[in-house]
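This report looks at selected packing features of one protein model. Please have the sequence and the coordinates at hand while reading.

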Amino acid sequence: MKKKIMPVLIVLILIFVILIFLFAGRKLKQYLPSKEQQDLNQYFQVAADHEIAIELNRTLIEEKALLKEKEIYLDYDFVHDQLNDRFYWDTNENVLLYTTSENVIKASADSSDYYIGRKKKSKDYTIVLVDADQIYVALDYVAEYTNLTFESFTDPGRVLLQTKWGDITKIAVKKDTQLRIEDNIKSNILCELEKGETVIKLEAADDWTKATTKDGLVGYVRNKHLGEETQETEKHEFQEDTFQHQIRDFAINMVWHQVTNAEANNTIASVLQNTKGINVISPTWFYVNDNDGNIANLASADYVKYCHDNGIEVWGLVSNLENSEVNSTEILTRTSKRENLENQIIAAAIQYDLDGINVDFEALETEVGEGFIQFIRELSLKCDSNDIVLSVDNYVSSDYTRFYDRQEQAVFADYVVVMAYDEHYSGSKESGSVASIGFVTKGADDIVAEGVPAEQVILGMPFFTRVWAETPKDGNGDDVESASDAYVPYELTSEAVGMQSAQRLIEVNGAEKSWLSDQGQFYTEYMNGNVTYKIWIEDVASIEEKLKVMDAHGFAGASFWKLGLEDSTVWDTIIKYIH
């Protein structure tokens, strides 16, 4: 019996031992580091030989570069949005532009040639590639004008771009180890790290440190395998472009003069006779008159001479509003038409001996923003080479006018004018001030916050007031429309009038006015028949409040819309602040 049991026991014991070894092996395997190597093509998400992964400031991004004929190309949108927004691609004429403080540099699609001004040069690679709707720019070309460094690697193809510099921490590896894709030992291995080499620390935790190698692998290393830390400061010697401005050595006291026909120029002496301290006048002489960028011209040499004889500079205004048939987008987004416009403006400025140009392009669509800024860049170079001051009129800052890019305007233009009025305008759904002090102050604060230097800002102020009329609607209010909570029982209209006209209306109607400290101006309302009139009054007192804002911000000066609408007594107040 015993002889029969023994073999069974031995088998059971062997099975038990085997099970113990299997269990122990499985348990042991849980604690053994993985030896699985990560597929680097998968890690960098590179699917083809011509595809190049991009690490920007040590972060792997979704965008991919293109490798063609040993040259690395970056998507234009990536270049513009992430690296250097001064590059401008003309989708209509297939030309890439870059504007420096001295020249406009042009490179046509699928060519190795480019022009610095009128001087032709060539590269040993194609500068811009056009592939269907995709535009690529050679990285070497981008780097010439951009504060960045780059290094490329193969197997798989990747490029490390750096645009930020500062202090970094390097850590020495004190024992052969691995850089893993995640912070655990079961994670795949990105690469082997040998004792003595260094990695750059990105983030540190209790057991693992996120780090990057010099060839762009970002992963995790166990802290117990890392040694001494050293601090370094990364630097990049790049010669940033410097821009000079024609800033006057006097505070700007500017007034816009609306000239709607050539004969109106003959009134310059009479409209100036009751003013004081004006040193710049901007007549509305030029406007874009067709879709080729040609301009209409109302300028007068006699007008300019009279102003110069009286110590007043003339900054001719050019507008895009007068001819409703003109498509501003068509002109500003086509390089040839935009250049034609610029050349005509400069030719007129030289012909009439103008001291400056005042650009007043309003009601632009968002998609023309880039073209408008390129227009300012290019026009500024032409102005500068002819000693012509360039100023640009702007709405107060808002999300829907952000595309005017006032900060970039200030890099190229000499002055940025903030038209701090039209808070309420003819199409407003409710009555209110043309330029309350809060509106003006916010406009002044915002322009500085956008990055425009105070010494380049001219604060625009109104010489006009809106007279609001609330006329009761017909009917007894019993219809369906009037039952709505949003129903307004009157028709709202308004008329813009000058200071003296507003004062006459107040006197004729026997209205009383009261000071609104939160508005920084007087207010009145009165009835005439069954119509209620409301006026937030622009006068000497309200202008003084706005001048205080200008003064407090250290702005270059002020400009007023428009000459002839003011009460002559306002000039005594203006010259107290601008002298």
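## Basis

The model is predicted.

## Helix α13 against helix α14

Two packed helices are described by the angle between their axes and the distance between the axes. For helix α13 (residues 540-553) and helix α14 (residues 570-577), the axes come within 10 Å and cross at roughly 15 degrees. Angles under 35 degrees count as roughly parallel, so α13 is roughly parallel to α14. The crossing of α13 past α14 is right-handed.

On the α13 side, the contact is made by Val-540, Ile-543, Glu-544, Leu-547, Lys-548, Met-550 and Asp-551. On the α14 side, Val-570, Thr-573, Ile-574, Lys-576 and Tyr-577 take part. By residue class, this contact divides into seven nonpolar, four charged and one polar.

## Helix α11 against helix α13

Helix α13 also packs with helix α11 (residues 437-449): their axes come within 10 Å and cross at roughly 20 degrees. With the cut-off for roughly parallel at under 35 degrees, α11 is therefore roughly parallel to α13. This crossing is right-handed.

From α11, the residues in contact are Ile-437, Val-440, Thr-441, Ala-444, Asp-445 and Val-448. They meet Glu-545, Lys-546, Val-549 and His-553 of α13. The contact of α11 with α13 divides into five nonpolar, three charged and two polar residues.

## Nonpolar cores

The largest nonpolar core has 92 residues. Those with the most contacts inside this core are Ile-281, Trp-285, Val-359, Phe-361, Phe-372, Phe-375 and Leu-547. Helix α9 (residues 369-385) gives the most to the core, with six residues. Another core lies apart from the largest one and has 37 residues, including Leu-66, Phe-78, Tyr-98 and Ala-107.

Leu-547 belongs both to the contact of α13 with α14 and to the residues with the most contacts inside the largest core. Leaving out residues up to four places away in sequence, Leu-547 touches Met-461, Ala-558, Phe-560, Thr-573, Ile-574, Tyr-577 and Ile-578. Thr-573, Ile-574 and Tyr-577 are among the residues that α14 brings to its contact with α13.

## Gln-258

Gln-258 sits in the loop between β20 (252-257) and α5 (268-272). Its relative accessibility is 35%, so Gln-258 counts as partly exposed.

Not counting residues up to four places away in sequence, Gln-258 touches Thr-284, Trp-561 and Lys-562. Gln-258 and Leu-317 are 59 residues apart in sequence, while their C-alpha atoms are 9.5 Å apart in space.

Definitions and conventions
Residues numbered from 1 in each chain as written. Predicted model: local features only at pLDDT ≥ 70, side-chain atom pairs only at ≥ 80, totals over all residues. Heavy atoms only, no water. Axes fitted to C-alpha atoms, helices over the stretch in contact; angles between N-to-C directions. Helix = DSSP H or I, 4+ residues; strand = E, 2+ residues; numbered from the N terminus. Parallel < 35°, antiparallel > 145°, perpendicular 65-115°, else oblique. Left-handed = near helix turned anticlockwise from the far one by under 90°. Contact = heavy atoms within 4.5 Å. Nonpolar A, V, L, I, M, F, W, Y, C, P; charged D, E, K, R; others polar. Core = buried A, V, L, I, M, F, W, Y, C linked by side-chain atoms within 4.5 Å. Buried < 20%, exposed > 50% of the residue type's maximum accessible area, 1.4 Å probe, protein only.
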